[in-house]
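Me: Hi! Could you walk me through a protein structure while I look at it?
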Amino acid sequence: VDLQGIKEAGFKVVTDAMYGSGAGYLGALIQGNATRIEELHGERNPLFPGIAQPEPVAHNLHELSRVVVEQNADVGLALDGDADRFGLIDERGEFISPLQVFALLALYLLETRGERGPLVKSLTATSMIYRLGKLFSVPVHETPVGFKYICPIMLQENALIGGEESGGYGFRGHIPERDGILSGILLLDLIARTGKSLSTLLEELYGLIGPHYYDRVDLQFDRQHRQTLMSRLYDCHPKILAETRVTKIDHADGIRFQFSHLGA
């Protein structure tokens, strides 16, 4: 990574270390010359006050978003407690989902840096990776959920990048494991090389592969009823759900229903 180029880019960056082990690293690596860093929650505190668990998801990054807007910063970078996962806030204070981040990082490596190699995704990660694989003529491998499944494929195939829905990304030429600090620096390198804002880069991504939408809903079920629910789901083979045609059901990891619009 061209660290000197990032230091000279004149970025205003706000980071959130979430009281964890990543505190201080981004500032030590990229602050200097024209670029300035402000760090939130940089003190070590294993109680992680104010958050249920230190993961860089939207509901934990309201303060980071607010500070980015108040300080007219270029970007907000967040790390989870052990700094292997990464969260991103754009210049407008908007949360960029992990699936969008994965696609931006893949496009950066393929287009901006001109590299080639397989892409590895967990099954809950974005289908945008398939679109990018087709566009740049590189293979895409899909694994069950968990980086323990992604790592062996990265090593075996000399993959360019591996990523999952939780915000963990690994890169060729580095350890075959998630690294939130490197992910953040690569995003800054993307902005520095292109001279474009994150919101513009996201618009250009969608211009290449079409718009994509994502939401995650976590539901709590009484433990004594979970097995009954799982059995019902595994025995369920609907042809239509919520007025959309079910085109495929797979059990590679849990249960996944794939859909197409009726009439498609």
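This is a predicted model: local features need pLDDT of at least 70, side-chain atom pairs count only at pLDDT 80 or more; totals for chains, interfaces and linings use all residues.

Me: Okay, in what order do the strands of the open sheet come?
Reply: The sheet has five strands in the order S2-S1-S3-S4-S5, and the pairing is mixed.

Me: Which strands stand at the edges?
Reply: Those are S2, residues 36–40, and S5, residues 95–96. Each has a single partner strand, so one side of each is left without a neighbour in the sheet.

Me: Do S4 and S5 run parallel or antiparallel, and how many bridges join them?
Reply: S4 (residues 86–89) and S5 run antiparallel, with two bridges joining them. For example, Ile 89 has Phe 95 in S5 as its bridge partner.

Me: Switching to the inside: which residues touch the most other members of the largest nonpolar core?
Reply: Leu 88, Leu 132 and Leu 205 do, in a core of 48 residues. Several elements give two or more residues to this core, including S3 (75–79), H5 (128–135) and H8 (198–209). H4 gives the most, with ten residues.

Me: What does Leu 132 touch, leaving out residues up to four places away in sequence?
Reply: Leu 132 touches Ala 103, Ala 106, Leu 107, Leu 110, Leu 205 and Ile 209.

Me: What about the other core, how many residues are in that one?
Reply: That core lies apart and has eleven residues, among them Met 18, Ile 51, Leu 64 and Ala 78.

Me: New topic! Where is Thr 126?
Reply: Thr 126 is in the loop between S6 (119–122) and H5.

Me: Why does Thr 126 count as buried?
Reply: Its relative accessibility is 5%, and buried means under 20%. The side chain of Thr 126 also reaches the backbone nitrogen of Met 128 at 2.9 Å. Beyond its neighbours within four places in sequence, Thr 126 is in contact with Leu 99, Phe 102 and Lys 121.

Me: Last one: how many residues does H9 have, and what happens at its start?
Reply: H9 (residues 223–234) has twelve residues and reaches 17 Å from its first C-alpha to its last, close to the expected 16 Å. At its start, a side-chain oxygen of Asp 222 comes within 3.0 Å of the backbone nitrogen of Gln 224.

Note on methods:
Residues are numbered from 1 along each chain as its sequence is written. Side-chain values use heavy atoms; hydrogens and water are left out. Two strands pair if DSSP finds at least two bridges between them. Helices (H or I, at least four residues) and strands (E, at least two) are DSSP runs, numbered from the N terminus. The expected span of a helix is 1.5 Å times one less than its number of residues. A polar contact is a pair of N or O atoms within 3.5 Å; within protein, one must be able to donate a hydrogen and the other to accept it, and residues adjacent in sequence count only if both atoms are side-chain atoms. A nonpolar core is a set of buried Ala, Val, Leu, Ile, Met, Phe, Trp, Tyr and Cys residues joined through side-chain atoms within 4.5 Å. Buried means under 20% relative accessible area, exposed over 50%, partly exposed in between (1.4 Å probe, protein chains only). Contact means heavy atoms within 4.5 Å.
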